[in-house]
Amino acid sequence: MLAVVLGMQFGDEGKGKITDYLSENFDVVVRFNGGNNAGHTVVTSQGKFKFHLIPSGSLRSSVVILGNGMVIDPYSLIDEIENLKKANPDVQIKISKMAHVVTPIHKYLDKSEENVRGGLSIGTTAQGIGPTYEDKYARTGVRVIDLLEKSIVTEKIETIYRMKENLLADSPYREKSEREKLAADLHEAGKKLMQYMDYTENLIYRFSQEKKNILFEGAQGTMLDIDFGMYPFVTSSNTLAGALSSGSGFPFRKIQRVIGVIKAYMSKVGSGPFPTEIEGDLAVRLRDLGHEYGTTTGRPRRVGWLDLPLLNYASRLNDVDSFAITNVDTLGKLDEIKVCEKYLKDGKEVDFIPRSLEEIKTISIGYKTIRPWGNLDIENIFSSPDGQYDRLPVELRNYVELIEKNTGKPVEIISLGERRENTIHRNLDA
Ligand code: IMP
């Protein structure tokens with residue numbers, strides 16, 4: 001099986017839990033975009049694991065690949081590899097030689113650029129993601145393979161400095177000695193990572209020829225996509241399923257299954273339009289019930305109601321086969337639930353997601369109100385492997401079926417809590 005798992009909303013849909021759950025059936029997991037702006041929490045009987053660069057499926061798969069589309073902070077990666085090896089000692093880790101390197105200069109630039117943006121500041125994770133992709137496309141970036149040649153790292157750091165001298169004027173990097181020290185440190189980190197470096201596109205191809213099961217894991221969410229998200233409040237890479245081709249070298253045409261992860265309500269960190277955002281006390285209650293604080297930054301997440309037009313759009317862009325829904329246990333505890341069924345402009349339904357920041361302000365939302373399902377009786381639901389879905393409260397089943405009816409796609413996986421075992425996997429062929 002060749003499959004991809006992606007977020008359908010603004011990130012933090014619970015992909016970590018779903019990927020970990022699915023990874024039991026996969027030999028290889030591949031990440032193809034982003035860097036340590038991502039944060040996944042996986043809870044197993046061995047404890048709670050937080051990953052930023054390493055794919056969440058890594059605890060159970062035998063090969064873990066960090067593809068060329070990623071931007072990698074070598075220092076964080078060294079720490080994460082150490083952690084992963086404690087949990088999965090036999091795992092093989094491979095990093096694309098062509099992935100780009102996030103350096104401390106990029107992290108500094110991330111903050112400086114945010115200051116310059118003023119009112120249009122994005123609320124980035126400050127992990128240097130944007131500036132590293134800028135350098136990639138400016139063709140001044142440092143690639144993983146470059147770390148092995150000290151003279152190349154030094155030359156590239158000098159070039160980046162010259163290009164961004166204004167933004168770095170108050171930074172320690174204005175001193176040549178600091179830049180040289182940085183290049184030497186990066187070279188040292190590169191030597192530690194050398195054993196993992198490879199031409200991963202060739203490995204993935206070989207694994208596919210050997211009929212291994214490969215799971216591609218998208219980071220962020222569809223509405224953070226640089227092209228189709230709520231620009232400019234997006235991340236700096238493509239987050240759609242199709243991006244796996246350029247981000248790993250594997251052709252999307254060969255992918256057999258696209259799984260879209262939806263949170264039962266929505267959440268977002270950072271600025272920008274969020275049409276179904278909930279404000280006030282209810283937002284505080286939902287945020288607390290769902291522990292909605294960023295895994296990477298600890299920032300409180302904005303929360304909102306499920307947005308069906310947006311979900312349909314994301315489903316179409318990614319050509320989703322089925323959905324996994326998370327956090328239904330949290331949503332059910334509210335006194336009243338709403339779902340956005342349509343976008344209205346001047347009282348009339350529109351069938352597009354406005355992307356001009358002015359136009360989106362003119363949109364109003366047509367909500368449907370749903371009866372909540374309260375606390376779930378987890379013990380009863382999982383009392384036997386058969387009939388788990390049928391033992392869900394009828395209100396929750398109606399909610400799942402509303403999504404299915406509206407999108408025309410089945411909800412295959414329903415996550416009722418953060419633990420692996422609290423997951424219902426419906427057999428769609430039955
Ligand atoms: P950047 O990717 O750090 O440049 O941040 C750009 C925007 O994407 C900000 O709104 C971030 O909060 C958001 N973002 C980036 N990565 C993630 C993620 O993994 N989950 C949720 N939001 C993210």
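Reply: H187 is buried, at a relative accessible area of 12%. Buried means under 20%, exposed over 50% and partly exposed in between, with a 1.4 Å probe and protein chains only. The model is predicted: local features need pLDDT of at least 70, side-chain atom pairs count only at pLDDT 80 or more, and totals for chains, interfaces and linings use all residues. Residues are numbered from 1 along each chain as its sequence is written, and side-chain values use heavy atoms, without hydrogens and water.

H187 belongs to helix 6, residues 176-193. Helices are DSSP runs of H or I, at least four residues, numbered from the N terminus.

Leaving out residues up to four places away in sequence, H187 touches L147, L148, E149 and K150; contact means heavy atoms within 4.5 Å. L147 lies 40 residues from H187 along the chain, yet their C-alpha atoms are 4.9 Å apart. The H187 side chain also reaches the backbone oxygen of L147 at 2.8 Å.

Now the helix pair. Helix 5 (residues 150-163) packs against helix 6 at about 135°, with the axes 9 Å apart. Axes are lines fitted to C-alpha atoms over the stretch in contact, and angles run from 0 to 180 degrees between N-to-C directions. That angle makes helix 5 oblique to helix 6; oblique is what remains after under 35 degrees (roughly parallel), over 145 (roughly antiparallel) and 65 to 115 (roughly perpendicular). Helix 5 contributes K150, V153, T154, I157, E158 and Y161 to the contact. Helix 6 contributes K176, R179, L182, A183, A184, L186 and H187.

Conventions: Helices (H or I, at least four residues) and strands (E, at least two) are DSSP runs, numbered from the N terminus. A polar contact is a pair of N or O atoms within 3.5 Å; within protein, one must be able to donate a hydrogen and the other to accept it, and residues adjacent in sequence count only if both atoms are side-chain atoms.
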